[in-house]
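This report concerns the aromatic ring pairs of one structure. Please view the sequence and the model before reading on.

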Amino acid sequence: MKKVSLITLTKNSDETLVNCLNSAVQQDYNNLEFIFVDAGSNDRTLNILKAFPRKKKILTQKSIGLYSALNEGVRAASGDIIGILHSDDVLNEKSTISKVVEKMSKSNSKIFLGDIIYFKDNPNKIS
């Protein structure tokens, strides 16, 4: 079973982070590594991450910028597959990661992009 590293970047993400984490915990795929890279939050973000009930790595961003933070997360990852789940995003189905792993194992491709559903303030109204 392939290990999947999920990288989540945070900065003052307490309003959306719980939904993000709940969607990750509810996945039916269990070989997950959680990596969080925080850019100096001064809200409840770090408390939420520390209370997250799974084994995780919480890094303090050493560099400046989104892509540098992603690179820090990638360097810390030990998974066969690396996924990015931003702190204001959710995995739409409980089987999202299982489906990704299945598709990837049947392909020779190295990079995969998925569909997104975008909504702003109302999750019932897709933009």
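## Burial of F34

F34 has a relative accessibility of 3% and therefore counts as buried, a term that means under 20% relative accessible area, with exposed being over 50% and partly exposed in between (1.4 Å probe, protein chains only).

## Basis of the model

This is a predicted model, in which local features need pLDDT of at least 70, side-chain atom pairs count only at pLDDT 80 or more, and totals for chains, interfaces and linings use all residues. Residues are numbered from 1 along each chain as its sequence is written, and side-chain values use heavy atoms, with hydrogens and water left out.

## Aromatic pairs

Rings of Phe, Tyr and Trp (its six-membered ring) pair if their centres lie within 6.5 Å; planes under 30 degrees apart count as stacked, over 60 as edge-to-face and the rest as tilted. This rule gives 2 aromatic pairs. In one, the ring centres of F34 and F52 are 5.0 Å apart and the planes stand at 80°, so the pair is edge-to-face. Because F34 belongs to strand β2 (residues 32-38) and F52 to the loop between α2 (45-51) and β3 (56-60), this pair ties together parts 18 residues apart in sequence. F52 is buried, at 5% relative accessibility.

F36 and F52 also form an edge-to-face pair, with 5.6 Å from centre to centre and 85° between the planes. F36 is buried, with a relative accessible area of 1%.

## The cluster

Through ring pairs, F34, F36 and F52 are linked into a cluster.

Terms used: Helices (H or I, at least four residues) and strands (E, at least two) are DSSP runs, numbered from the N terminus.
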